[in-house]
Amino acid sequence: MSRGIWINDTTFHHFAEPEQRGLAEHIATRARSGDFGTFFGLLPNPDPVLKRCGKDMSAYRELAADAHVKGCLRRRRGALKALERGFDRAPTTGRAAVPARVMKSLEAIFADLPIGDFIGQSLDGSFYGYAPFELLWAAVAGQRGGFRVPSDIVAKPSEWFGFDDDNQLRFRSRANQLTGEELPERKFLLVRNGATYQNPYGEPDLASVFWPTTFKRGGLKFWVTFTEKYGTPWAVGKLPRTATPADHAQMVERLDRMVQDAVASIPDDGSVELLTVGTSANAELYEKLLHFCRSEVSIALLGNNQSIEATANLASAKAAQDVEAALRDADAGVAAAALTQLARWIVDVNWGPETPAPVYGLWEQEEVDDKQAKRDEVLTKAGAKFTRRYFMDAYHLDDQHLAPEADPAAPGAGPAADPQFAEGDGASPDQAALDQAIDQLPADALNRAMRALLQPALDAIQAGQGYDQVQQALADAFPKMDASELEQLMTRAFFVADLWGAGHARND
């Protein structure tokens, strides 16, 4: 309700509204909250595994040395680096088109950068929660206005950095370990996984495999010990009661040599017995523990355990493949967002923040439909002509990869343009006679012949429900088109024309 006072019956004076503060600023901040855990210094990493173990990020780096964990990490890196990548040229709704000169410059800049290595290393943001990359900028010679571009992207260890109360990345330098050093703008490209205001460090995927890998290592150690202890039968030596301690020590020494060399010498009144201690069931307990831990690691890093389960079938393998594809697309989105941010920074530095910047993307290369390609080839040989738009939509081609269509009205356009012949003063008597003979061909016979020829094509068009279905139906109907009657009529006409031409030549 408006605040004010009526001066008279018709005039209302409005009081000045108090300024609403804080709409564009944070009100709930760490500095004003009741949480007294962050009075000074950088924010601690809230990762529960690292807090409970009292370790830093190096604990996760040690996990990458495990054979199974490393295999899962390499699998995700390989799937991500196998994707096609590049800028999205087509402007989307609500986004202005990028100028051609800007797009061309960005493509040249990115071509000189190790984008493939960056995409592979960007997964460290998912594995460790966050991954900082330092940009090295350089001035380009010969460009006006100080044209600057990044010359390299270098991954830096995550444990060298932290976040302040404003969730800004800071460098833990030797001179400032407590609060860290403030970093310049557009200097560090940060890749994070599931970061929030409460947890700017992100959620590391390796945190969920820490305990399974630790238990697997412990189980493997006990399994090896069990195998060494109970895998070989025990050699038991028997001596008479009158044997002295020296005799027992000598027997033990001989048995030890027997285990190594399978040869032993014992007294006449002694004996050796081999005892088997332990069963396969005891060993299976360790094996089940190892398989369980491996399965947990696979589920955490790949989203499934079908790659290590012997009971996997075709259906479960297909479902697992779909899950891994979804995980790969999520990783691709993180890497693409970072590269899009890099492109935005390059545009801001060199062309200004008002210039539109393109979006970087990663996608899977689609296979060309071989059946559709063969069908289009048959139709092309039959006389069909496809437009550039058809090839772009049907085969997902870029506009720049296709030659422009020739203008039919342009001079020298080639076969697309209708040839124009000089008009004569009048038709010759011979040509007039031939035209008259053609006109005398029975119209009903011509209509019947054309109907028989085109009927399969007309039926295909009427039965089709879409452009692609009509094309396929026309290709299928082409062998069924009957041209026999039309061929007979045309043969008669050509025969008359040949006779007329031969007779006219003899008269001349």
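This is a predicted model: local features need pLDDT of at least 70, side-chain atom pairs count only at pLDDT 80 or more; totals for chains, interfaces and linings use all residues.
**Exercise 1.** Determine how helix α3 is oriented relative to helix α10, and which residues form the contact.

Solution. 
1. Take α3 as residues 67–81 and α10 as residues 314–350; their axes come within 9 Å and cross at roughly 70 degrees.
2. Angles of 65 to 115 degrees count as roughly perpendicular, so α3 is roughly perpendicular to α10.
3. The crossing of α3 past α10 is right-handed.
4. On the α3 side the contact involves R75, R76, A79 and L80; on the α10 side it involves E324, L327, R328, D331 and A332.
5. Sorted by class, the contact of α3 with α10 has five charged, four nonpolar and no polar residues.

**Exercise 2.** Of the 12 aromatic pairs in the structure, classify F118 with F133 and F147 with W351, and locate each ring.

Solution. 
1. For F118 and F133, the ring centres are 4.7 Å apart and the planes stand at 65 degrees. Planes over 60 degrees apart count as edge-to-face, and this pair is edge-to-face.
2. F118 belongs to helix α5 (residues 115–121) and F133 to strand β4 (residues 130–139), so the pair ties together parts 15 residues apart in sequence.
3. F118 is buried, at a relative accessible area of 1%, and F133 is buried, also at 1%.
4. For F147 and W351, the centres are 5.3 Å apart and the planes at 75 degrees, so this pair is edge-to-face.
5. F147 sits in the loop between β4 and β5, and W351 in the loop between α10 and β12, so the pair ties together parts 204 residues apart in sequence.
6. Both F147 and W351 are buried.

Note on methods:
Residues are numbered from 1 along each chain as its sequence is written. Side-chain values use heavy atoms; hydrogens and water are left out. Axes are lines fitted to C-alpha atoms, for helices over the stretch in contact, and angles run from 0 to 180 degrees between N-to-C directions. Helices (H or I, at least four residues) and strands (E, at least two) are DSSP runs, numbered from the N terminus. Angles under 35 degrees count as roughly parallel, over 145 as roughly antiparallel, 65 to 115 as roughly perpendicular and the rest as oblique. A crossing is left-handed if the near helix is turned anticlockwise from the far one by less than a right angle, and right-handed if clockwise. Contact means heavy atoms within 4.5 Å. Ala, Val, Leu, Ile, Met, Phe, Trp, Tyr, Cys and Pro count as nonpolar, Asp, Glu, Lys and Arg as charged, and the others, Gly among them, as polar. Rings of Phe, Tyr and Trp (its six-membered ring) pair if their centres lie within 6.5 Å; planes under 30 degrees apart count as stacked, over 60 as edge-to-face and the rest as tilted. Buried means under 20% relative accessible area, exposed over 50%, partly exposed in between (1.4 Å probe, protein chains only).
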